Amino acid sequence: MSYKELKKLVRLISSAESCVEYGKADAEAEFVHLLNNEIDKFNVFFMEQEEDFIIRHKESQQRIKRVIETWGPNGTKPSEAEYKDEMAKIRKDIVNFHGEMVLLVNYSNINYTGLAKILKKYDKRTGGLLRLPFIQKVLQQPFFITDLVSKLVKECENTIDEVFPVEQEDEEEIVKEQREAITVAGKGIFRNTVAALLSMQEIRRGSSTYGRFSLPPMDLPDSDLIHSFQLNSPIPIV
């Protein structure tokens, strides 16, 4: 979101010189035009990603079915080695896919919060009343409606639990490997996902300024792996 540009415009609109030069109606029209352009940008990106996620989700389910039918115990070419190898690849892809979808939900939350903040600033600085009608419009926008992506996230989690169950003796080893991979990579998809989750938690945390335009608070799962990272929000909320 072009928050700095919008903030600069609010400052310009609220100044006496701006009101004389442009007139309040023209200034408000310019501000709304810029906001609408931002929303169009959010929607295009979000819908493209959402469509891609739907296709990839179906493809991952087909891959799992194909591997089971080919190399599974009752498959056409039973092979424990091939089965484990292919399933490990699919599991890794699904975990990365899950992370990308969490990041998209974070994208939605970040941009909604940015819009709510700049509209609040606009009303406060100019005495305008844009916030309520504009937020009502935003709530109907594709980028804000994350139900489908959230459903796909949950289905990915269910697939991992059902198709790739973790044996008790392997659980600690897997967590150890994940920690080491993140330490070495530094900026992998998992690390970005954790950062996104922590950002969403911070954005949606209840506070003294919590109101009807705020997103509901969010509780993170009680994961040792997540809490082992002392990450700050990668996206500043001005």
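Analyst: Please note that this is a predicted model. Let us begin with helix 5, which spans residues 131-138.

User: Which residues of helix 5 are buried?

Analyst: Phe134, Ile135 and Val138 are the buried residues of helix 5. Viewed down the helix axis, these buried residues fall within an arc of 100°, so they line one face of helix 5.

User: How does one describe two packed helices?

Analyst: Two quantities are used: the angle between the axes and the distance between them. In this model, the axes of helix 4 and helix 5 come within 10 Å and cross at roughly 165°. An angle over 145 degrees counts as roughly antiparallel, and helix 4 and helix 5 are therefore roughly antiparallel to each other.

User: Which residues make the contact between helix 4 and helix 5?

Analyst: Helix 4 contributes Tyr112, Leu115, Ala116, Leu119, Lys120 and Asp123, while helix 5 contributes Arg131, Phe134, Ile135 and Val138. By class, this contact of helix 4 with helix 5 has seven nonpolar, no polar and three charged residues.

User: At what angle do helix 4 and helix 6 cross?

Analyst: The axes of helix 4 (residues 80-126) and helix 6 (residues 147-163) cross at roughly 155° and come within 9 Å. Helix 4 and helix 6 are therefore roughly antiparallel to each other.

User: Is the crossing of helix 4 and helix 6 left-handed or right-handed?

Analyst: Helix 4 passes helix 6 in a left-handed crossing. The contact of helix 4 with helix 6 comprises 14 nonpolar, three polar and two charged residues. By comparison, helix 4 passes helix 5 in a right-handed crossing.

Conventions
Residues numbered from 1 in each chain as written. Predicted model: local features only at pLDDT ≥ 70, side-chain atom pairs only at ≥ 80, totals over all residues. Heavy atoms only, no water. Axes fitted to C-alpha atoms, helices over the stretch in contact; angles between N-to-C directions. Helix = DSSP H or I, 4+ residues; strand = E, 2+ residues; numbered from the N terminus. Parallel < 35°, antiparallel > 145°, perpendicular 65-115°, else oblique. Left-handed = near helix turned anticlockwise from the far one by under 90°. Nonpolar A, V, L, I, M, F, W, Y, C, P; charged D, E, K, R; others polar. Buried < 20%, exposed > 50% of the residue type's maximum accessible area, 1.4 Å probe, protein only. Arc of directions from axis to C-beta. Contact = heavy atoms within 4.5 Å.
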